[in-house]
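Hi,

Here is the structure I promised to pass on. Have a look at it, and then read on for what turned up among the aromatic rings.

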Amino acid sequence: MQHGTVDGFSYGLVTPVAAYLMACLGGALGLRCTTRSLRNGGTFKPGWLTLGATSIGSGIWTMHFIAMMGFTVAGAPISYDRPLTFASLGVAVGMVGIGIFIVGYRGATPLALITGGTITGLGIATMHYLGMAGMRFQGRVEYDTFTVVLSVVIAVVAATSALWAAVSVHGFLASLGASLVMGLAVSGMHYTAMAAVDVHLDPAAGAAPVGDSAPGVLLPMLIGPVVFLLLAGVVVMFDPLLVMGDPAPRDRTAPRPGLPAQRGPRAYGEPANWSARRPAAGASGRSPRRGRQRG
């Protein structure tokens with residue numbers, strides 16, 4: 001075995017920036033859907049939570065493998081095992097969903113946040129290292145234990161913070177800021193975990209099949225989750241309650257903007273608005289014309 005030279009930025013800043021944007025998109029959709037579920041306690045609440053968990057899980061998974069497209073090993077073409085790669089997507093969505101449902105039904109209590117954040121963070125870390133286990137090349141990967149533990153801690157802290165934001169942060173700008181921070185935390189976890197990688201090559205192994213490169217394998221698998229995130233984003237854009245948040249409760253008796261104030265029912269004998277503009281009646285209650293004396 002010989003030590004391999006790795007490069008995590010073979011396409012420059014293209015893959016890190018694209019990966020970060022997908023993590024932010026998934027986080028933003030997940031936060032807004034979770035917020036909507038908390039405001040909707042009816043039968044649609046599980047649907048909103050499921051959509052939020054799928055958005056966050058797909059965003060994290062897409063972020064990971066877009067970043068991995070920029071990961072190369074000198075002299076060793078990389079491919080990926082499809083079943084393990086898709087299994088990592090299922091783990092991400094499933095474990096994020098457990099954390100989302102815990103907080104969605106229990107609220108922002110310390111126990112719910114810690115439990116849900118730990119499960120979600122472990123799911124993110126499991127997704128990462130399961131996806132790394134699906135990587136195929138002529139050699140093997142070893143990890144630095146301390147850096148792996150640090151990446152898991154970052155994942156748990158990031159997940160707990162994201163769940164807290166999902167139930168505590170309201171409004172479009174606040175959710176946008178929270179999603180940007182969440183994307184930064186997820187990206188930081190990914191590149192911290194990649195810093196733990198140590199590659200050892202096997203010169204005696206045969207060459208990899210032609211055309212079985214990482215972009216050729218990953219791009220078709222990324223189409224589905226990316227399309228899902230874009231469609232979910234369109235749904236959110238066309239739902240103002242999801243984008244801006246539900247409006248604050250308003251006093252129904254207060255006048256609406258642009259409309260005259262509503263009056264209560266008029267008392268007995270009180271003239272209506274149209275009759276109030278007529279000449280006032282005499283003291284006897286009859287009009288002056290009818291009150292004239294003959295002759």
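Rings of Phe, Tyr and Trp (its six-membered ring) pair if their centres lie within 6.5 Å; planes under 30 degrees apart are stacked, over 60 edge-to-face, and the rest tilted. It's a predicted model, so to speak of local features we need pLDDT of at least 70, and side-chain atom pairs count only at pLDDT 80 or more, while totals for chains, interfaces and linings use all residues. Residues are numbered from 1 along each chain as its sequence is written, and side-chain values use heavy atoms, with hydrogens and water left out.

By that rule there are six aromatic pairs. One of them is Phe65 with Tyr80, edge-to-face, with 6.0 Å centre to centre and 80° between the planes. Phe65 lies in helix 2 (residues 45–68) and Tyr80 in strand 4 (residues 79–80), so the pair ties together parts 15 residues apart in sequence. (Helices are DSSP runs of H or I, at least four residues, and strands runs of E, at least two, numbered from the N terminus.) Phe65 is buried at 0% relative accessibility, and Tyr80 is buried at 4%; buried means under 20% relative accessible area, exposed over 50%, partly exposed in between (1.4 Å probe, protein chains only).

Then there's Phe101 with Tyr105: their ring centres are 6.1 Å apart and the planes are at 20°, so this pair is stacked. Phe101 is partly exposed at 29%, and Tyr105 is partly exposed at 47%.

Finally, ring pairs link Trp61, Phe65, Tyr80 and Phe86 into a cluster.

Cheers
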